[in-house]
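Here is a short briefing to read alongside the model. Please keep the viewer open as you go through the points.

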Amino acid sequence: MPNTRILLNDFFVLVQSRALKQVEFSVKDRDEAFDILQDAMIRLAKNYSDKRDDWPKLFQRILQNLIVDWHRRQKVRSILVWWQRPNNGKEVSEDEGENQYSAINEGIEHRSPEHLQSNRQLGDSMAGAIEQLPLRQQQAFTLRAWWGHNVKETAFAMGCSEGSVKTHYSRATVRLRKLLGDYES
């Protein structure tokens, strides 16, 4: 029987790509997403390496908590920065061109150039729409639709009731349908 360290490494290899994309949707910064993902992996390995059967749900719980913590820190930083700005706290737009990485476009089969372009546009639109969702809706949607977790597993990962998961997921799908209306067939 392989040792726990090898099994844990295999688990991380299996989930790292989707988890990185999930975090990147939320924080909109690839470097920050890497840091959060790495922290989640370290915490799982350090605190729960002996709970092999629970790794997927524990990993998601740790990851979701770290995402929420990151957003809280950003909110506090923005308040502190607002008070220190010489221009009376007026927002300065950030360069949105930095987020060139489109996580959804990975893995799309290469067919005709038209099909590839259509898939890229849909992927970019979907990524943009997911990024527009409020954090809790974003979490519910990615955990349910992308990771395939059931309501109970999603509730555990998000640290909320199953009813809240259903509400957040429903609102997310309604919002995404509105945002992606042009792509309905």
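Predicted model: local features only at pLDDT ≥ 70, side-chain atom pairs only at ≥ 80, totals over all residues.

Residues are numbered from 1 along each chain as its sequence is written, and side-chain values use heavy atoms, with hydrogens and water left out.

**Nonpolar cores**

- The largest nonpolar core has 31 residues, and Phe-11, Ile-36, Leu-44, Phe-59 and Leu-63 touch the most other members.
- A nonpolar core here is a set of buried Ala, Val, Leu, Ile, Met, Phe, Trp, Tyr and Cys residues joined through side-chain atoms within 4.5 Å; buried means under 20% relative accessible area, exposed over 50%, and partly exposed in between, with a 1.4 Å probe and protein chains only.
- Two or more residues of this core come from each of α1 (4–27), α2 (30–48), α3 (55–84), α5 (135–146) and α6 (151–158), and α1 supplies the largest share, nine residues.
- Helices (H or I, at least four residues) and strands (E, at least two) are DSSP runs, numbered from the N terminus.
- Setting aside neighbours within four places in sequence, Leu-63 is in contact (heavy atoms within 4.5 Å) with Ala-19, Gln-22, Val-23, Ile-36, Leu-37 and Ala-40.
- Another core, of ten residues, lies apart from the largest one, and its members include Met-126, Ala-127, Ile-130 and Ala-172.

**A buried glutamine**

- Gln-137 sits in helix α5 and is buried, at a relative accessible area of 13%.
- Leaving out neighbours within four places in sequence, the contacts of Gln-137 are His-168, Arg-171, Ala-172 and Arg-175.

**Salt bridges**

- The structure holds four salt bridges, each defined as a side-chain nitrogen of Lys or Arg within 4 Å of a carboxyl oxygen of Asp or Glu.
- One of them joins Arg-30 to Glu-24, with the closest N and O atoms 3.1 Å apart; Arg-30 is partly exposed at 29% relative accessibility, whereas Glu-24 is buried at 5%.
- Asp-39 pairs with Arg-43, the closest N and O atoms being 3.3 Å apart; because they are four residues apart in helix α2, about one helical turn separates them.
- Both ends of that pair are partly exposed, with Asp-39 at 28% relative accessibility and Arg-43 at 37%.
- Asp-54 and Lys-57 also form a salt bridge (3.8 Å, N to O), and these residues are partly exposed at 29% and 36% relative accessibility, respectively.

**Helix packing**

- α6 and α7 (residues 162–179) pack at about 95 degrees with their axes 8 Å apart, so they are roughly perpendicular.
- Axes are lines fitted to C-alpha atoms, for helices over the stretch in contact, and angles run from 0 to 180 degrees between N-to-C directions; angles under 35 degrees count as roughly parallel, over 145 as roughly antiparallel, 65 to 115 as roughly perpendicular and the rest as oblique.
- On the α6 side, Val-151, Lys-152, Thr-154, Ala-155 and Met-158 meet Glu-162, Val-165, Lys-166 and His-168 of α7.
- α5 and α7 pack at about 90 degrees, again with axes 8 Å apart, and are therefore roughly perpendicular too.
- The α5 residues in this contact include Gln-137, and those of α7 include His-168, Arg-171, Ala-172 and Arg-175.
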